[in-house]
Amino acid sequence: MVNISKVDSRGSYRIVLSPNCSISWRELVLFYLFTCLVAIAVGLFFTLQGMWMVLPFSGLEMLALGTGLYLTSRKVYRKEVITLDPDRTRIEKGVQRVAQSWEFKTPWVRIIDEPRDGRNSRRRLAIGVHGAAVEVGSFLANSEKDALAFQLKDCIIRV
Amino acid sequence: MYTETTHDAAHGEHHDHGPAKGLMRWVTTTNHKDIGTLYLWLAFIMLLYGGSMAMIIRLELFQPGLQWVEPHFFNQMTTMHGLVMVFGAIMPAFVGLANWLVPIMIGAPDMALPRMNNWSFWILPFAFTMLASTTFMEGGAPAFGWTFYAPLSTTFAPDTTDFFIFAVHLMGISSVMGAINIIATILNMRAPGMTLMKMPLFVWTWLITAYLLIAVMPVLAGAVTMMLTDRHFGTSFFDAAGGGDPVMFQHVFWFFGHPEVYIMILPAFGVISAIIPTFARKPLFGYSSMVYATASIAILSFMVWAHHMFTVGMPVAGELYFMYATILISVPTGVKVFNWVTTMWKGSMTFETPMLWALGFIVMFTIGGFSGLMLGVAPVDTQYHDTYFVVAHFHYVLVTGALYSIIAAFYYWVPKWTGHMYDEKLGKIHFWWSTIAVNVLFFPQHFVGLAGMPRRIPDYSLQFAEFNAISSIGGFAFGLAQVFFLYIVIKTIRGGEKATAQVWEGATGLEFEQLPSPPPYHSFTEAPPVR
């Protein structure tokens, strides 16, 4: 998913990239907590009957479910923010907070659009200067990458 | 600034590189279609393996008296038949269908956790090999029934029971990993526009099934672990001599076991809800009521476990509660049957093979449902309990219910999977052959059960001889029909008339509207439009 907004009157642009995600973080957490409640209630019910060995398995399973949902949500809740102004181009990546960031001088920026190696049919879109390049939108489909490349070029021309 | 575009426009976009070559493709694959195929083949192998044990059972019961096998071996056969069919055939078949269909129905590129998907499958062959190998060990395979009640499975069980316990743990781990994957996929990876209430019912039923699995699998794991500690570590969870309670085992087991029945039938409801509208050429009647009915069945399935234990002894208030709660399940189940019938009402119906299997499901599953209602009535169950009436009931639910829906699903989606149409004539022969045979096999068991023939016995009184002989003939015919099915499966995979993308005139859904037949190895690398 690609969102573009004009940030200020100087003509800065911000492009926010995020993968498709069909559930919000809040809903996912609520689902998980409700599932924990059900599983722990079952475990406690049997513990009260003296069959306490159900409870550790309930706990282990909730841990596994939580890990599975967390790992999946790490993939779908990540964001990439590209901010372009006349002097600088900034790329920030992370989940809920900025985990990595890069900065390039806008006049020198180039957009790299190339095939990946081997059997992978998805293309690689990157923003770089000289020898350094940062891949952007690795989760986007090729058609979305086409649109993004076009929009990036357009923004760079405008700023 | 300059733009560097080095890709070749002619290359890439719609180019599907396909799978790796060789045997290792199947070992290391993380592709949902490959893993779905593996699950379905495992389920078929297990169906034939479990079926061969059923043949031994029916051979022994063909005549009264002991003819072919020792009673202890007969008990091993009934136990292993139940375990293999439940955990090896029906469950993996539905997981295989989920792997194949859930991602392409919701517009996702693959399952959410593909590597875990590979593990969840590859655990199973080892688990079943271990379980099957106990047949050749000293003491033989488990012989205490698929319900493995204590103290038969603890104090009086052979050493091979430890392998059984380990195998059950492995199956449980596999099921839990599969369930987590399905939940994560459905919640996180639906295509834009695919809201929960737009999901195909097969996806809904699997979401609820996965939730049931998550809720009850720790109970099964706890039960077999307590069996293990009772056997080897001096605990007395189920040993009355040590202050434990063997009846508690039955409560623990059926708290898992009853939802397990719904784990095996809810995805079947999803399959039938896909097939009926296609061949009636009408949208499914009452979609949202179907979703709520499925959820209601799942919730109620947690509250009725002790109807399996009416004869064990419980307060009258308990009997009344479990009786009414059990009978209450017929309400949402009835909603489903009425909705399927109403979908067909005034539809432009045709009767291709998948539709025949789906109709067979509706009629015969309802027979199994009605006998279930009879068994749910506590005072009546006192007479029926542990008779062949119960055997007839759950085989109508699981064979003409769950298995029929799996076969219907195969005929419905195999043109999509392989790109080849199956042989319609052979498919219809398979249906009529199986349907006549399965009724010859199981319907007489109602009569012998009502007349008092107990289940799990290798010998019986003379008055049951005719019905048992008829039942055995039906059994052999039904077994042979599934070998014929194997021939149809292989023939379809190897070739046949080319299937169109839509396959069926009335088919709807992303898999039919947005993907060719067969679909590319990596489908939906781009999110499809959702209406």
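Buried area is the accessible area, found with a 1.4 Å probe, that two parts lose on being put together, summed over both. The size of an interface is often given in this way. In this model, which is predicted, the area buried between chain B and chain A is about 4200 Å², and carbon and sulfur atoms give 65% of that area. The contact draws on residues of both chains, with 49 residues coming from chain B and 52 residues from chain A.

| Kind of residue | Residues on the side of chain B that touches chain A |
|---|---|
| nonpolar | 30 residues |
| polar | 15 residues |

On the side of chain B that touches chain A, at least two residues are supplied by each of β1 (2-5), α5 (161-188), α6 (201-232) and α7 (246-263) of chain B. Of the elements there, α6(B) gives the most, with 12 residues.

Within chain A, strand β2 (residues 13-17) is mostly covered, since four of its five residues are buried. Strand β2(A) is joined by five bridges to strand β3 (residues 79-84) of chain A, and the two strands run antiparallel. Which residue of β3(A) stands opposite A:Ile15? The residue in that place is A:Ile82.

Definitions and conventions: Residues are numbered from 1 along each chain as its sequence is written. Chains are lettered from A and ligands numbered from 1 in the order in which they are written. This is a predicted model: local features need pLDDT of at least 70, side-chain atom pairs count only at pLDDT 80 or more; totals for chains, interfaces and linings use all residues. Side-chain values use heavy atoms; hydrogens and water are left out. Buried means under 20% relative accessible area, exposed over 50%, partly exposed in between (1.4 Å probe, protein chains only). Two strands pair if DSSP finds at least two bridges between them. Contact means heavy atoms within 4.5 Å. Ala, Val, Leu, Ile, Met, Phe, Trp, Tyr, Cys and Pro count as nonpolar, Asp, Glu, Lys and Arg as charged, and the others, Gly among them, as polar.
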